[in-house]
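Biologist: I have a sequence and a structure open and would like to go through them. Can we take it piece by piece?

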Amino acid sequence: MPKRTIRDLHDLKGARAFVRVDYNVPLDHGQISDDTRIRASLPTLDELVKGGARLALASHLGRPKKGPVPELSLKPVADRLQDLLGVTVAMAPDCVGPEVRKLAETLRDGEVLLLENVRFHKEEEANDPAFAGRLVADTGATVFVSDAFGSAHRAHASTEGVSHHVRTSVAGLLMEKELRYLGMARDNPAHPYVAVLGGAKVSDKIAVIESLLPKVDALLVGGGMAYTFLRAEGLLTGKSLVEEDKVELARRLLEKAGPKLRLPTDHVVASAFREDAERRTLPVDQIPGDWMGLDIGPATVAAYTEKVRPAKLVFWNGPMGVFEMKPFAEGTLAMARALAGSGGTSIVGGGDSVAAVTQMGLADQIDHVSTGGGASLEFLGGDELPGVACLQDA
Ligand code: ADP
Ligand code: MG
């Protein structure tokens, strides 16, 4: 069901909006090392600022467990946002309370206030209704704008609770884009539809595999999770990553999937989990007893690329190998290139897959690089995300 968005709001001028963004940025000694998430919020904020709305922005940062800690203050984000947005961004000392009330009251049309880390209060993750009510009352908000897809799989006060205290709850433009692409993949995929799944563990991806299987024309498996499947096929896997307690499940999935589910035919094996380890490229039925498979091999790359090329829709989650180490990054790089070069719609979701595509400089050649991480997988797995369900239908 499509959701109302900020484009459906007509009287923005003077409207007070509580905007949930995802500013959970990586910090390195107090410096923002990657501002992708701040940039991703700019289209929504531009539109709201231009319309003359008065904005209170909320986000979490990290996992503070015992109240406020200065290292997890959003202050550096306020400074960076101000540079990027070209509008003064005031920083609040908290996300609720009399100071916030005062700052929110002095906002004029088109002005922006960034609230302090909502997770400084334990009521945030508990989705405490009274706390959600204070977030709304202290900011004077009448509208809730959700642009934090990456947090929408959690029912927290700032992602879901606030919707019960305002009359209008709508999606921001980033949220809208996530729902458009991932919604298409989940509900109305173009065919041939090819999914590429990799990453570390099968156990993280079971729900997605189950939900993808009936919809896709091919499911190409790589990465560490391939080894649990290879073991299920009776192969020796040496010291490769195998989840013993999931081998039986992998066997059932293989049976159910039939020829749709493809496994690597060759791999790059190494004598140790190290960048400078000895390595060889071998067929998957060959591996020295105490070696481990750390990447897909060239024959697998060629076969998978052949499948991806004519696809009308490709969804990729999970690196094909240990791409963090250069000798084992080839398979992941090749799949990123295959998606970038495919004529169909390409979608990449998942924290590490997105990092890989970004590092390789190919992100702008992919139609949709999801900011969602785990949320994109839960969404495709068919779960209704609480932070989406609470928004008004279009
Ligand atoms: P995503 O975040 O995109 O969903 P995951 O978190 O599931 O992906 O997996 C990413 C991790 O999987 C990476 O750190 C990568 O090094 C690891 N990985 C990929 N292939 C292998 C392999 N063959 N053996 C061990 N780890 C692997
Ligand atoms: Mg990950």
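Predicted model: local features only at pLDDT ≥ 70, side-chain atom pairs only at ≥ 80, totals over all residues.

Biologist: Which residues point which way from β1?

Modeller: R16, F18 and R20 point one way, while A17 and V19 point the other way. Residues on both sides are buried.

Biologist: Which way does β1 pair with β4, parallel or antiparallel?

Modeller: Parallel, over 5 bridges, with β4 covering residues 54-58.

Biologist: Switching to helix α6. Which residues are buried there?

Modeller: α6 spans residues 129-139, and the buried ones are F131, A132, G133, L135, V136, D138 and T139.

Biologist: What do those buried residues pack against?

Modeller: They pack against β1 and β4, and also against the helices α4 (98-106) and α5 (122-125).

Biologist: Why would residues three or four places apart point the same way in a helix?

Modeller: An α-helix has 3.6 residues a turn, so residues at that spacing point the same way.

Biologist: What is at the two ends of α6?

Modeller: At the start, a side-chain oxygen of D128 comes within 3.1 Å of the backbone nitrogen of A130. After the helix comes G140, which has a positive phi, near 65 degrees.

Biologist: New topic, the sheet with β9 in it. What is the strand order?

Modeller: It is an open sheet of 6 strands, ordered β11-β10-β9-β15-β16-β17, with parallel pairing. β11 (261-262) and β17 (368-369) are at the edges with a single partner strand each, so one side of each has no neighbour in the sheet.

Biologist: How many bridges join β9 to β15?

Modeller: 5 bridges join β9, residues 193-197, to β15, residues 313-317. L197 stands opposite N317 in that pairing.

Biologist: Which strands do helices α12 and α13 lie across?

Modeller: α12, residues 330-341, lies across β9, β15 and β16 (345-348), at about 155 degrees to β15. α13, residues 351-359, lies across β15, β16 and β17, and runs at about 115 degrees to β16.

Conventions: Residues numbered from 1 in each chain as written. Chains lettered and ligands numbered in written order. Heavy atoms only, no water. Buried < 20%, exposed > 50% of the residue type's maximum accessible area, 1.4 Å probe, protein only. Helix = DSSP H or I, 4+ residues; strand = E, 2+ residues; numbered from the N terminus. Pairing = 2+ DSSP bridges. Contact = heavy atoms within 4.5 Å. Polar contact = N/O pair within 3.5 Å; in protein donor to acceptor, adjacent residues only side chain to side chain. Axes fitted to C-alpha atoms, helices over the stretch in contact; angles between N-to-C directions.
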